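Work through the two exercises below. Try each task before you read its solution.

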Amino acid sequence: MPTSEDFGAIRLTLELATVVTLLLLILGTPIAWWLARTRSRLRSSVGAIVTLPLVLPPTVLGFYLLLLMGPSGFLGHLTQSLGLGLLPFTFPGLVIASTLYSLPFFVQPLQNAFEAIGDRPLEAAATLRASPLDAFFSVAVPLAKPGFVTSSFLSFAHTVGEFGVVLMIGGNIPDKTRVISVQIYNHVEALEYTEAHWLAGGMLAFSFLVLVAMNALKPRQKAAEP
Amino acid sequence: MEETIMKRIVFGLLLLCSASASADEVRVAVAANFAAPMQKIAADFEKDTGHQAVLSFGATGQFYAQIRNGAPFDVLLAADEETPMRLEKDGAAMAGSRFTYAIGKLVLWSPSPGLVDARGAVLEKAGFGHLAIANPRLAPYGAAAMETLTKMNLADKLQSKIVEGENIGQTFQFVATKNAALGFVALSQVTKDGKLESGSAWVVPGKLYTPIRQDAAILSRGRNNPAALALAKYLRGAKAGAIIRSYGYDL
Amino acid sequence: MKPVDARLKLERNEFTLDVDLSLPGRGITALFGPSGSGKTTLLRCLAGLERAPGGYLYVAGEIWQDGDYFLPTHKRRLGYVFQEANLFPHLDIRRNLEYGMRRSGIRRIDLDNALDLLGINHLLERRPENLSGGERQRVAIARALLVNPGILLMDEPLAALDLARKQEILPYLERLHEELSIPILYVSHSPDEVARLADHLVVMEKGRVVADGPLSETLARLDLPIRLGEDAGVVIDAVIGARDEAWHLVRADFAGGELWVRDNGMTLGHPVRVRILARDVSLAAAHTEHTSILNLMQGTIAEIADDAHPAQSLARVDVGGTPIVSRLTKRSAAALGLSPGQPVWVQIKTVALIG
């Protein structure tokens, strides 16, 4: 049976994934929009930076975050001078790291959805007196709804399943940074295979259900308006 | 015609198999904390015996799971006593082949000079941010650190300051990057040739914790491998012993 | 200053748009030319969907572009009808129509007018994907009108429709023509549409304006028919003046004369448009009674020019002040000894009533 520690890890993980997904909706959406629409020469560089967490081993990202957020790092200097202390071993630290790590999982599907809209509906909106911001909310967002569904579900599931980055900067503190994946690792390492099975199996089922829900929620692609 | 070709191919394959079997190669699973000294020892071992040691580094718990599931290792150099014992009980290690190849020493270390005093009194004052230790449930160094804190009656007081690395390597990383002000790490991680490399440290007296015995065992797969037996013997020799000591381990 | 004034220059790889154009403040101006001639690009520049840096644009009493100044599309008082209707697929028809209304403070009564004008009252609760192509385009036109535009820009609004759908929409476009007091800029590569709808014609080729003027005048220019090919001809505005019920004919009277055409039920006094293709007009030196041709008129050769094919000529004949163009072989022209100033008889084989 799952222990109370396990339940703590589950609660913390869901909390983390929720906060991260909300944060990505706020931060990732403009990035996806910019990448989908810009003709700037910076596009490929910014796109690459956003995609980087997808190809980097999480431990690499975690290690650099540990350095960056540490007392000698840029972020560490910043948070300390703002009186926030240091980010490693804290929940906000995990949130920031997970947000970075899940960024490509959020941005890419949404960027594709934005690109699929094409110029025409936005041009129509402009000729109907909608400012670019207005057109974004009244045309682009509703048309990209399937993209938002995919992006949110993927980032949520990905944050739940994230391990390497958390391991690097978490410090295994109960109710603060000890998430499910770390708890599974602890169980496996301690040869507590029964407990590990409870959590690992649960995670497998959860991830499967999330993906099923995502596909069910995604509206069928309607034939493009002729 | 075709038959002769087939025969040749089969013969060639047999030759290949026998060649790899007779090559004196030993595959060794090495606890991550012992990586550096083992590389040196393996180089000498090859020079002195002609056998080749192929090293894999990793966490002892993972090695256990891998070996139980048929990983091709001949010898395990664990970070603890329990794992080789358990493998022997499981029948995955050769009975009676276990021996202690090194005894780890615990040190309280900080990269900041002068933070850690010679008696570890810094712990009582508790004027620091985070204290890093290895996960006591997983890593022997972590268990030793908790034991030390308990003996010093500081475990409860410092509980809120403790951050855990999943292994001793990660614990060292927390401290080295100064995200934790100080931490209990392996003496082998902070000394070179018997001297502290940087910062300040307190070598925890042996009476405060159970010795961290790192045991080795010959695994079932290495039972008939002369190179495996040779390595086990070599590890107990004087030459290997000197290297092990120079990295901050006891024998 | 003309109601619409555009000086635009735009360099694209292998394509340059270079236009200096003034347009009237009323009626339909057709932007005509082959594909790739830059008419759609010009329209998009007018709408601000495309940027032509350093250009000058004055429309509907406002400067839209001048030097570095560039008024963004959503601040330009224009209506735009795309080739594809381009309705918002996530909104029903009512919301599609209200989209622009809300943003430009249009009154409710205008909505009713637009619905009536385009005959789309019954479509309000439907969704774009459930409309026919013609219905969609009518909604798109209504939507463009419901932002109180100072100019209506239409980019080949019929090009994506089949003939039946075109026939369905054309009457609505003619009503627009009659009822709107704003200029309409209408991109087309169809001579039929131009002949039927336009008052003013701008012919474009390779990014430049090659002809520009009132429709009948411009169509009668002999350097232009070459570009129209088989569709070369003139358009004459006339009025139904008489009916011959016995032979099912009506008489269309115009400034220079009268034409008998098939009676398709138009009332007397109704203004009509008559199209006479150059290939249907032949010339004779003398009047002849012995012919099946109904419409015979006397005129004077105004100009003779070469046609695209070396065997052919084009002649512009002045018939009581109205120009008519005839296509004839050079051999015939030589046999008749045609030259400017010479009186001729014009024989018109086919006359098409368009609207």
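Two exercises on contacts follow, each with its solution. The model is predicted: local features need pLDDT of at least 70, side-chain atom pairs count only at pLDDT 80 or more, and totals for chains, interfaces and linings use all residues. Residues are numbered from 1 along each chain as its sequence is written, while chains are lettered from A and ligands numbered from 1 in the order in which they are written.

**Exercise 1.** Describe the side of chain C that touches chain A.

Step 1. Count the residues. Chain C brings 22 residues into contact with 17 residues of chain A. Contact means that the C-beta atoms, placed from the backbone, lie within 7 Å.

Step 2. Find the elements. In chain C, strand 7 (78-81), helix 2 (93-104) and helix 4 (133-145) each supply at least two residues of this side. Helices (H or I, at least four residues) and strands (E, at least two) are DSSP runs, numbered from the N terminus.

Step 3. Pick the main contributor. Helix 2 of chain C gives the largest share, 4 residues.

**Exercise 2.** Describe how the two domains of chain C meet.

Step 1. Locate them. Domain 1 of chain C covers 4-219 and domain 2 covers 233-353. These bounds come from an automatic or database domain assignment. The C-alpha centres of the two domains of chain C lie 33 Å apart.

Step 2. Count the contact residues. Domain 1 of chain C gives 5 residues and domain 2 of chain C gives 6 residues.

Step 3. Find the elements on the domain 1 side. Helix 6 (191-197) and helix 7 (215-219) of chain C give two or more residues each. Helix 7 of chain C has the largest share, 3 residues.
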